[in-house]
There are 2 protein chains.
Amino acid sequence: MKATAKANTNIALIKYWGKRDEKLFLPTNNSISITLDRFYTVTTVEFKKNITNDIFYLNNKKADKKDQIKISSFLDKIRDFSGTNFYAVVNSENKVPTAAGFASSASGFAALAAASIKAVGLELDKSELSAIARQGSGSACRSIYGGYVEWEKGERIDGKDSFAKRLLPETDWNISILSVLVNSNNKNISSREGMKRTVETSPFYSAWLDTIEKDLEITRKAIKYKDFKSLGEVVEKNALKMHATMIGAEPPILYWQCGTMDVIHHVRNLRLSGISAYFTIDAGANVKVLCHPSDEKKVYESLLKLESVQNVITCHPGKGITYL
Amino acid sequence: MKATAKANTNIALIKYWGKRDEKLFLPTNNSISITLDRFYTVTTVEFKKNITNDIFYLNNKKADKKDQIKISSFLDKIRDFSGTNFYAVVNSENKVPTAAGFASSASGFAALAAASIKAVGLELDKSELSAIARQGSGSACRSIYGGYVEWEKGERIDGKDSFAKRLLPETDWNISILSVLVNSNNKNISSREGMKRTVETSPFYSAWLDTIEKDLEITRKAIKYKDFKSLGEVVEKNALKMHATMIGAEPPILYWQCGTMDVIHHVRNLRLSGISAYFTIDAGANVKVLCHPSDEKKVYESLLKLESVQNVITCHPGKGITYL
């Protein structure tokens, strides 16, 4: 009863920001992402007869209590689902550079879900696997697939219709995603808490939701027709709207720092100089810049020149779950 | 037919961002401001028999065509109102430090309105004068009064009930307003254009308006009871909401720069360290910080230490219109 899975993280193009059900990780809106090739988690799960609790090693160290509880509570769902009573030893290696501004929870729970399900001997559809990964961390449901992925919010109260599906394989459209590190401090408010506060207090939240359907349509079309300009424009606007919605929360949530502004204005200036580049920002200070692979080198070098930029890592669309 | 008036600029505590009538400068919501002691305009207007057009000197230089047209079109309103046919020579001295991030239009049109009306020999109520100043630049209507001022949006189509009134004289409550210069470039979009775009395209605009009435109530109360904490909190939130509303516009309006973020986070950190300071930001990158006069020195020195801060000027509540 042992299996190893590898999952890449993903970056949302159309953002997931708010849950309709906290416990089941059911989102208020569909979201669209790209799974990335450079940042991933490899996780081995072994269900064992003779142990009396779950044991979780993260990067070869015993994880802290908070993480132990999270993993155990996720494994409870796997036990419920599969009927096993065994506890598990989990070994997880996170190849997400420290503070790169990527949530390791997406690749983390995708790899954990895949390894667990395989370890208990089940064979599931990717959509079923996606719905299970979702219950560890919402965005994990998108990392089951490679390339361009949409997470359906679903309508059901039990969440069974809330999972991701692939829009376009990673091999079909190569774009460059530059991860720009401007701040390596931990963010002062977690995504989970930030989402909750935004949904409950921001006067802009319902207007944000009202605009998403149109953003999704534009994004699906842009991906289908590989229209980079159209994709970049909607992605940038969607990220700005998400942050504006958070800034309206009470108390306000402001993830942006000096370097965030520098990169934003730099990307806008790149466009004025004829380079088709666009930014997106998750719940943090760091920025991701999208561009054509042919502009990648220029964009990379220009970003590194900015005083407030500490590091830039170039990614491309990556694979979904693989088993090792 | 000659008169000289001096008007101080003002900073909005509850922001004016959007017009219900472009030509008459009628706002979509009430706003509240403090008139400041340090930044002002002194304007002399002389209506003359023997000249064939208006002549406008700004800081002892003939103004550019765009400004000449603006002034002339404002003087047309004075001529209509007073029945005179004479053209005027206007001399204006602007003591608003270059790029301090204060609109010189507020003090500029308040001084121009007051000097013109006196030069044509009329005596008006301050509220009537305020309604006239409003037609040069909306925020100018608030600079007629000293101290704490509210601009009533009014309901009438002709705008006759849209003028400012004093909430509290400048001598009744001394607070410190530090004008923090982080960027001396001209902003890339004018307030007039930014307002228009926000009203027409931001999905957040109606939610912004919905929150204003409550912000106004809290602010009036805070001013009445001289409750600095309550004032600071609502002012900061109101400014953030205004910027969030603009960020949602299409295309997005983003006045913030690296230094803006640095000052925002610095002010929040000051509060964590026990100093009661709050920020507000107008349509630009520069920040104004409110604090108790007893904390003024500490706040000033800490702001100057920030790398991205170029200059800090300390202001206090100032007088309304005076005649020289």
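**Loops, rings and a helix pair**

Visitor: What is the relative accessible area of B:N59?

Guide: B:N59 is classed as partly exposed, a term for values between buried (under 20% relative accessible area) and exposed (over 50%), with a 1.4 Å probe and protein chains only. The model is predicted, so local features need pLDDT of at least 70 and side-chain atom pairs count only at pLDDT 80 or more, while totals for chains, interfaces and linings use all residues. Residues are numbered from 1 along each chain as its sequence is written, chains are lettered from A and ligands numbered from 1 in the order in which they are written, and side-chain values use heavy atoms, with hydrogens and water left out. For B:N59 the relative accessible area is 37%.

Visitor: In which loop does B:N60 lie?

Guide: B:N60 has a positive phi near 65 degrees, although the residue is other than glycine, and it counts as exposed because its relative accessibility is 62%. B:N59, also not a glycine, has a positive phi of about 50 degrees and is placed in the loop between strand 5 (55–58) and strand 6 (61–62) of chain B, where strands (E, at least two residues) and helices (H or I, at least four) are DSSP runs numbered from the N terminus. B:N60 likewise lies in the loop between strand 5 and strand 6 of chain B.

Visitor: Which residue is joined to A:E250 by a cis peptide bond?

Guide: The residue in question is placed in the loop between helix 6 (228–247) and helix 7 of chain A. In chain B, the peptide bond from B:E250 to B:P251 is cis, with omega near -5 degrees. In chain A, omega is about -5 degrees for the cis bond that joins A:E250 to A:P251.

Visitor: Are helix 7 of chain A and helix 7 of chain B roughly parallel or roughly antiparallel?

Guide: The two helices (residues 258–272 in each chain) pack with their axes 7 Å apart and at an angle of about 160 degrees, where axes are lines fitted to C-alpha atoms over the stretch in contact and angles run from 0 to 180 degrees between N-to-C directions. Angles under 35 degrees count as roughly parallel, over 145 as roughly antiparallel, 65 to 115 as roughly perpendicular and the rest as oblique. The packing angle therefore makes helix 7 of chain A, relative to helix 7 of chain B, roughly antiparallel.

Visitor: What is the angle between the planes of A:F74 and A:F109?

Guide: Rings of Phe, Tyr and Trp (its six-membered ring) pair if their centres lie within 6.5 Å, and planes under 30 degrees apart count as stacked, over 60 as edge-to-face and the rest as tilted. A:F74 lies in helix 1 (residues 65–82) and A:F109 in helix 2 (residues 104–119) of chain A, so the pair ties together parts that are 35 residues apart in sequence. A:F74 is buried at 1%, and A:F109 counts as buried at 9% relative accessibility. The pair is edge-to-face, with 5.4 Å centre to centre and planes at 70 degrees.
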